[in-house]
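Subject: Model handover and notes

Dear colleague,

Please find the structure below. My notes on it follow directly after.

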Amino acid sequence: MAKTKVLVADDHELVREGICKLLDLFDNIEIVGEAGDGLEAVSKVREHFPDLVLLDLNMPRMNGINAIRKIKEISPEVKVIILTIHDDEEYIYKVTSAGAEGFIQKDITSEELQDAIKRVLDGETVFPRTVAQELDADGKEATDYNELLSNREHEVLGLLARGMSNREIAEELYISEKTVKNHVSNILRKLDVNDRTQAVIKSLKYGLVRLV
């Protein structure tokens, strides 16, 4: 069975070494490269074409957000998991809008890291425990949300997930900004969330939209 090729990118050498030691515990993973900044991470992706990149959010020369975009331009098939100390929803929104499939904190256990990698490779999107627990609080199933949203609301939600503004969505769908605002309000109500960021995070968690 082929091993999963992983690139590790973090500007702190000790952190990078620690992550690599954790990954060495997994028989099904091969570390194909390491990078100390965003530009080097992008360069190593071009060189090795890994299956997965574990990427720090705050790095010199090119930050994690821009690195994700560049990596996805090189190969959309490469999965990206952000490893960070942050758990703020705004960060999650930014990295998922850029194309990352996972957002996990650096204090996770080796078992949690292995599970996150497996889930992302299986096509899921992974979030910090605190966010996942908050989104699960209402106990609704993904199928319920799919049924609640109209086709047009699904379209608007997908464009929200790509980071588009109301004006950009209106231009994309050839509708008025007022109509977009109405759709967004309906989406927030139906998903039982307070803002656009939570709506995007929840939609990604339940597979209502996919980032490409």
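Helix α2 passes helix α3 in a right-handed crossing (right-handed if the near helix is turned clockwise from the far one by less than a right angle, left-handed if anticlockwise). This is a predicted model, in which local features need pLDDT of at least 70 and side-chain atom pairs count only at pLDDT 80 or more, while totals for chains, interfaces and linings use all residues. Residues are numbered from 1 along each chain as its sequence is written, and side-chain values use heavy atoms, with hydrogens and water left out.

Helices and strands are DSSP runs numbered from the N terminus (helices H or I, at least four residues; strands E, at least two). The axes of α2 (residues 38-48) and α3 (residues 64-74) come within 9 Å and cross at roughly 15°. Axes here are lines fitted to C-alpha atoms, for helices over the stretch in contact, and angles run from 0 to 180 degrees between N-to-C directions. The two helices are therefore roughly parallel to each other (under 35 degrees; over 145 is roughly antiparallel, 65 to 115 roughly perpendicular and the rest oblique). At the contact, G38, V42, V45 and R46 of α2 meet A67, K70, I71 and I74 of α3 (contact means heavy atoms within 4.5 Å).

Next, the sheet. It is open, has 5 strands in the order β2-β1-β3-β4-β5, and its pairing is parallel (two strands pair if DSSP finds at least two bridges between them). The edge strands, each pairing on one side only, are β2 (29-35) and β5 (102-105). From one strand to the next the twist averages 25°. Strand β1 (residues 4-9) runs parallel to β3 (residues 52-56) and is joined to it by 4 bridges; L7 has V53 as its bridge partner in β3. On β4, the parallel pairing with β3 extends over 5 bridges, and K79 in β4 is the bridge partner of L52.

How much of β4 is buried? Of the 6 residues in strand β4 (residues 79-84), 5 are buried (under 20% relative accessible area; exposed is over 50%, partly exposed in between, with a 1.4 Å probe and protein chains only). T84 belongs to this strand and is buried, at a relative accessible area of 1%. Apart from neighbours within four places in sequence, T84 contacts L57, F103, I104, Q105 and K106.

As for nonpolar cores, the largest has 49 residues, and those with the most contacts inside it are L55, I68, I82, V95, L157, I169 and L191. A second, separate core has 18 residues, including V6, F26, L52 and A116. A nonpolar core is a set of buried Ala, Val, Leu, Ile, Met, Phe, Trp, Tyr and Cys residues joined through side-chain atoms within 4.5 Å.

Y174 sits in the loop between α9 (166-173) and α10 (177-191) and is exposed, at 77% relative accessibility. Its phi is near 60°, a positive value in a residue other than glycine. D192, in the loop between α10 and α11 (196-205), also has phi near 60°, positive in a non-glycine residue. T125 lies in the loop between α5 (110-121) and α6 (129-135) and is buried, with a relative accessible area of 18%. Leaving aside neighbours within four places in sequence, T125 is in contact with E101, R119 and L204.

Regards
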